[in-house]
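Please keep the model open and find each part as it is named.

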Amino acid sequence: MKRLFLLGLFVMATAITYAGGYRVSLQGQRSLAMGHTGVAMVDNAELAFFNPAGLVFLEDKINAAVGVSAVFSDVVWQNEEYGQMARTDSPVGTPFYAYFSYKLSDKFSVGLAAYTPYGSSVAWEKDWPGSHLVNDIELAAIYIQALGSYKINDNLSVGGGPIYVNGSVNFNRNLNRSLTDLEGNRSNVTIDASGVSAWGWSAGAMWSPVDSLRIGVNYRSEIIMDAENGDADFENIPNSPLTPFEDTTFNAELPLPAELTVGVSYQMNDQWTFAFDYNRTFWDVYESLDVDFANPNIPDSRNPRNYEDASIYRFGLQYIANETFTLRAGYYFDESPVQSGYFAPETPRNDSNNFTGGLSINVTDKVAIDASFLYSRFEEIDESYDYYQENGENVPFEGTYKSSAFVPGLGVTIKI
Amino acid sequence: MKNYFKYIAILALGIVSCEPELENSIEDEGFYSNGQADFSNYVALGNSLTAGYADGALYISGQENSYPNILAKKFAQTQETSGFTQPLMNDNVGGLLLGGNKIAEPRFVLSVGANGPRPGRLNATPTTEVGNKLEGPFNNMGVPGAKTYHLLAPGYGNVQGVASGMANPYYARFATSDNATVLADAMTLNPTFFSLWIGNNDVLGYATSGGTGTFQINNTDVATYGANDITDPNAFAFVYSQIVEELTANAEGVLLNIPNVTNIPYFNTIPNNALALDAATAANLTGFFQAVAGVMTQVLMQQGASAEQAQAIASQYAIQFNEGANRFLIDVPVSQTNPLGFRQMTEEELLLLTIDQSALAQGYGSVVLTQGVMEVLAVLQAGGQPTQQQVQTLFGAVSGIDDKDVLDSEEIQNIETATQAYNGAIAGIAQNFDLAMVDVNEIFRQALEGGIEFDGGLITAEFVTGGAFSLDGIHLTPRGNAVIANAIITAINAKYGAEVPKANLGEYGTVTLEQNVQ
């Protein structure tokens, strides 16, 4: 048994889950370990995120799941023509989740959820060759959601609830490729906004035609984060009326796109369960990152993004080894919403193959420790961002990118 | 139990090595190549252009963007090198102190005044003291102001000689001894590769003085030359060849030839036809010069010339002015054929950037029409005979541009002759010593005539806005330096089978904006 466990762990070590754009798919250690499937799995309180319709199917009266991941994600870029190379030194991201559900009656459960499905933290070397596009960015959004889950009959349930989002952004880049002050320091701007809030919702349904098979669907609405009167801080600006950049405020919009998931889970026997999810993330809404500065002398910043809707295919396997150990493994293919020619180094994501694994250890009847990890494998890619302009001309920023992400995570599941 | 550790070790390794790696990383050995060249000890010799002098001064960020420094960074990507040192100034102000007294002005910056953007000297005090010796020698041995023969001149870096003009303040900062020569100092670094861009000042001093010096043709004794003289081409070739011979003892290298200095903004910014006239003023001026020609005819006849002779000579002063743009007048030596010593500029003649433009607006380069002059004109118009004094007043109203503010056709010819001869010598020496060569003359010509393309547009020789030349109109911007660095890389890659990556021109800046000017 020990050997099987170790072997399983090892095999899973070659897989990880992450997602395109600035979506961070790390909303439950058990689900993540199974390739971030879960729309049709009834296992623990992670359902609050994956499909609230399933909460009412949980056997215990009180269910809770909390966890946190550590995202080690880095990117290397090089341009052969000019002999340039740069690596991100991004801070470790720590997306978390906390889910709670309470069974009011056999037919109705309520819940509360907090999770961080969107975010990004990328830090390139200051003044690197792409610094006119980004030096560093820190994007965070916390979703807080109240949930209800209603069992229509023993085979069918629905669930959902309103979402409150609180987000923040901090983004620094140089004003262009060469502007400096008298001392040769590069002119740059930081935009910073926090406490940006917005509302959304999610809803799902779950159908179980036979005991061993569940089918789920879940939709999470699009939420537009509207940063108003954020701070724009201009630094190292030459003392000249030709560069009228002074600290001001800004407005900007960042969409957190809608996501539709459909999936199945099939319990093959007492030990083995298989799950498949299909995600569609409606990235099409992210056309452009526009920053409007309040000071009319400062030209607004238009940055075409032109994202397109993207699909993710997720596969997961669960093996209940014994009363104490449950092992999980998974894989997903994550299609990038970023189109060729729009490859901006603030979210340098191409398609990825993701391998996941993990296990749960039942410490007592009520408490289990959940561990997972994700390895995202990106192909090396020659790409460019073609829509940066200088003197009215598009100046492409080109190079070879390679990303990697490794995300270990730890959580606790409680059933009372 | 052992197995546990093994697996844990493998896992831990997986975590540690999660840094993404490219299949063909430019950091891999052999990605780029130095070919048959050895860049391990690169030394750059030259003048201000090599030193990173820009905006009329030497200052740190200019030095950091010198073409040799750009090159050295690219060289370092092809092989292990011993680094590249430069005698950095003390600040980004520029200018020099000698014994606490300012002997060189701060840099130019672009300020915006009532009449739009214009270069001005930064309002700050230089802090670089010539007497504070740096521990030389440096890989960048570019010495602002150096002519070719200065590289071989002992004492050129003697601080004691700076005040009297016998030594160079920039070299004095880092010469290894009072008697050192630039070349000998460079050789102590045991260069394995060198670049040599020298000779510009052998003709530039003449050009920027408006051709007030002498073309020392056939005088090979450089000790007799003045600062504004053109070095004799034979002397140039002899000295240049001597320098290259010494440098090539253990090194490969690249030679850069001399751009025709008349292609730089210093000589192409103030148009020679900037005399803009409305119809009435043009008619007045034409009338004035007809009067001058008429009076001159009389004067000449009084001096005994025949009417025909007198008219032939005096008619050159009946200059026709038209509404719109007109060329200025310049002073020329008084001669029998041009007794008044002025004439209108020809199309190819050039005005210097430093000319007093407000004076131009007030009649410098044409006529200063005072009340007295108007009275004389009235007398003439009435058919009266002007007095001797009135004639003097009339002729004296003509205000030709001084020799120091203009390059006339003869002077331009001298410059071209010398430049061609120098470049002929450089090409020959490059061939003799089997070295790479860069035709900078052609690059500057391109910048002037069509511009050099880059991903952010065009780099031209336009003053202030063109991107190639700094605010002194002579020296290069960081972007201009990058153009030179790339040309050198092209030449080296071709000559030595090397694969040195290039500089991305758009990442290099041009002119610096600042309002705090003198």
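1. A residue is called buried if 20 or more other C-beta atoms lie within 10 Å of its own, exposed if 12 or fewer do, and partly exposed in between, with the C-beta atoms placed from the backbone. N229(A), with 10 C-beta neighbours inside 10 Å, therefore counts as exposed. The phi angle of N229(A) is near 55°, which is a positive value in a residue other than glycine, and N229(A) belongs to strand β10 (residues 223-235) of chain A.

2. Before going further, please note that this is a predicted model, in which local features need pLDDT of at least 70 and side-chain atom pairs count only at pLDDT 80 or more, while totals for chains, interfaces and linings use all residues. Residues are numbered from 1 along each chain as its sequence is written, and chains are lettered from A and ligands numbered from 1 in the order in which they are written.

3. A positive phi is also found in chain B, where D434(B) has a value of about 55° although it is not a glycine. D434(B) sits in the loop between α15 (409-432) and β15 (436-438) of chain B, and D434(B) is exposed, with 9 other C-beta atoms within 10 Å.

4. Chain B as a whole has 17 helices and 17 strands, where helices (H or I, at least four residues) and strands (E, at least two) are DSSP runs numbered from the N terminus. The C-alpha trace of chain B spans about 125 × 50 × 45 Å along its principal axes, and buried residues make up 50% of the 518 residues in the chain. Among the contacts in chain B with a separation of 6 or more, 74% join residues 24 or more positions apart; two residues are in contact if their C-beta atoms, placed from the backbone, lie within 7 Å.

5. Chain B is divided into domain 1 (42-269 + 409-507) and domain 2 (275-406), with bounds that come from an automatic or database domain assignment. The C-alpha centres of domain 1 and domain 2 of chain B lie 41 Å apart, and their contact takes 14 residues from domain 1 and 10 residues from domain 2. On the side of domain 1 of chain B that touches domain 2, the elements giving two or more residues are α9 (265-268) and α15 of chain B, and the largest share, 4 residues, comes from α9(B). By class, that side of domain 1 has 4 nonpolar, 10 polar and no charged residues; here Ala, Val, Leu, Ile, Met, Phe, Trp, Tyr, Cys and Pro count as nonpolar, Asp, Glu, Lys and Arg as charged, and the others, Gly among them, as polar.

6. How do the helices α10 (residues 279-302) and α11 (residues 307-314) of chain B cross? Their axes come within 8 Å and cross at roughly 140°, the axes being lines fitted to C-alpha atoms, for helices over the stretch in contact, with angles that run from 0 to 180 degrees between N-to-C directions. α10(B) and α11(B) are therefore oblique to each other, since angles under 35 degrees count as roughly parallel, over 145 as roughly antiparallel, 65 to 115 as roughly perpendicular and the rest as oblique. The residues of α10(B) that meet α11(B) include M296(B) and L300(B), and those on the side of α11(B) include A310(B) and I313(B). By class, this contact of α10(B) with α11(B) has 8 nonpolar, 2 polar and no charged residues.

7. The axes of α10(B) and α14(B) come within 10 Å and cross at roughly 135°, and these two helices are therefore oblique to each other. A291(B), V292(B), V295(B) and V299(B) in α10(B) meet V391(B), L394(B) and F395(B) in α14(B), a contact with 7 nonpolar, no polar and no charged residues.

8. Helix α13 (residues 371-381) and helix α14 (residues 388-396) of chain B pack at an angle of about 120°, with their axes 9 Å apart. G372(B), V373(B), V376(B) and V379(B) in α13(B) meet Q390(B), T393(B) and L394(B) in α14(B), and these residues divide into 4 nonpolar, 3 polar and no charged.

9. Between the chains, 36 residues of chain B are in contact with 37 residues of chain A. On the side of chain B that touches chain A, α1 (2-16) and β4 (108-113) of chain B each supply at least two residues, and the largest share, 4 residues, comes from α1(B). By class, this side of chain B has 15 nonpolar, 13 polar and 8 charged residues.
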